[in-house]
Amino acid sequence: MQEKIKHHQTVAQESAQLAGIMSRFVASFIDGIILALPLTVFLFVLSGFSGGFDGPLVQFVALALPVVYHWYFWTRRDGQTPGKSTVGIRVVKRDGSALSDTDAFIRAIGYQVSALLCGLGYIWAIFDGNNQTWHDKMAGTYVVSAEISRNTGQIFRQ
């Protein structure tokens, strides 16, 4: 019961510190490691049954599994994947509320868009005033420190 309350917690009247680029990178690296081994093993086994790595089922699973992973943690675990939890950051909406299923799906698909053109969508966060990547902008999300201060005021710069 406490998890559900935590999941729907909002920080609308609180200020939040935006996560830095390096903490976001470290969190993504950790999540990549967590996803890589089981995904590789699963795809290797699946390719044996479907006739190779170029089959549509293998390609679908390779794209769908990371989307499901991120959706689950962003919507059911207070906006924190294991990597984000390790470095103390989480994903929220502009008002500090939790992501909906649709928000999480858009953001997860947006990862692919951010990776286009040599990762320009990720690099964008370095120059953005709110450290937002393209997938953040697509889903209307922000990555913030998991420790939220109790100061009043606007959460994010316009």
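This is a predicted model: local features need pLDDT of at least 70, side-chain atom pairs count only at pLDDT 80 or more; totals for chains, interfaces and linings use all residues.
Residues are numbered from 1 along each chain as its sequence is written, and side-chain values use heavy atoms, with hydrogens and water left out.

**Overall layout**

- The protein has 6 helices and 2 strands; helices (H or I, at least four residues) and strands (E, at least two) are DSSP runs, numbered from the N terminus.
- Going along the sequence, you get the pattern α-α-α-α-β-α-α-β.
- Of the 158 residues, 41% count as buried, where buried means under 20% relative accessible area, exposed means over 50% and partly exposed is in between (1.4 Å probe, protein chains only).

**Aromatic rings**

- Rings of Phe, Tyr and Trp (its six-membered ring) pair if their centres lie within 6.5 Å; planes under 30 degrees apart count as stacked, over 60 as edge-to-face and the rest as tilted. That rule gives 6 aromatic pairs.
- One of the pairs is phenylalanine 25 with phenylalanine 29: the ring centres are 6.5 Å apart and the planes sit at 25°, so this pair is stacked. Both residues belong to helix 2 (residues 21-50), 4 residues apart, which is about one turn of the helix. Phenylalanine 25 is exposed, at a relative accessible area of 53%.
- Tryptophan 124 and tryptophan 134 also pair up, with ring centres 6.1 Å apart and planes at 55°, so they count as tilted. This pair links distant parts of the chain, 10 residues apart: tryptophan 124 is in helix 5 (residues 101-127) and tryptophan 134 is in helix 6 (residues 134-139). Tryptophan 124 is partly exposed at 39% relative accessible area, and tryptophan 134 is partly exposed at 22%.
- Tyr69, Tyr72 and Phe73 come together as one aromatic cluster.
- Tryptophan 74 has the charged end of arginine 107 over its ring, 4.6 Å from the ring centre. For this label, NZ of Lys or CZ of Arg must be within 6 Å of the ring centre and within 35 degrees of the ring normal.

**Helix 3 against helix 5**

- Helix 3 (residues 56-76) and helix 5 pack at about 140°, and their axes are 9 Å apart. The axes are lines fitted to C-alpha atoms, for helices over the stretch in contact, and angles run from 0 to 180 degrees between N-to-C directions.
- The two helices are therefore oblique to each other; under 35 degrees would be roughly parallel, over 145 roughly antiparallel and 65 to 115 roughly perpendicular, with the rest oblique.

**Polar contacts**

- A polar contact is a pair of N or O atoms within 3.5 Å; within protein, one must be able to donate a hydrogen and the other to accept it, and residues adjacent in sequence count only if both atoms are side-chain atoms.
- Lysine 93, in strand 1 (residues 89-93), is buried at 18% relative accessibility. Its side chain makes a polar contact of 3.3 Å with the side chain of aspartate 103.
- Aspartate 128 lies in the loop between helix 5 and helix 6 and is buried at 13%. A polar atom of its side chain is 2.8 Å from the backbone nitrogen of asparagine 130.
- Glutamine 132 is in the loop between helix 5 and helix 6 and is buried, at 5%. The glutamine 132 side chain has a 3.2 Å polar contact with the side chain of lysine 137.
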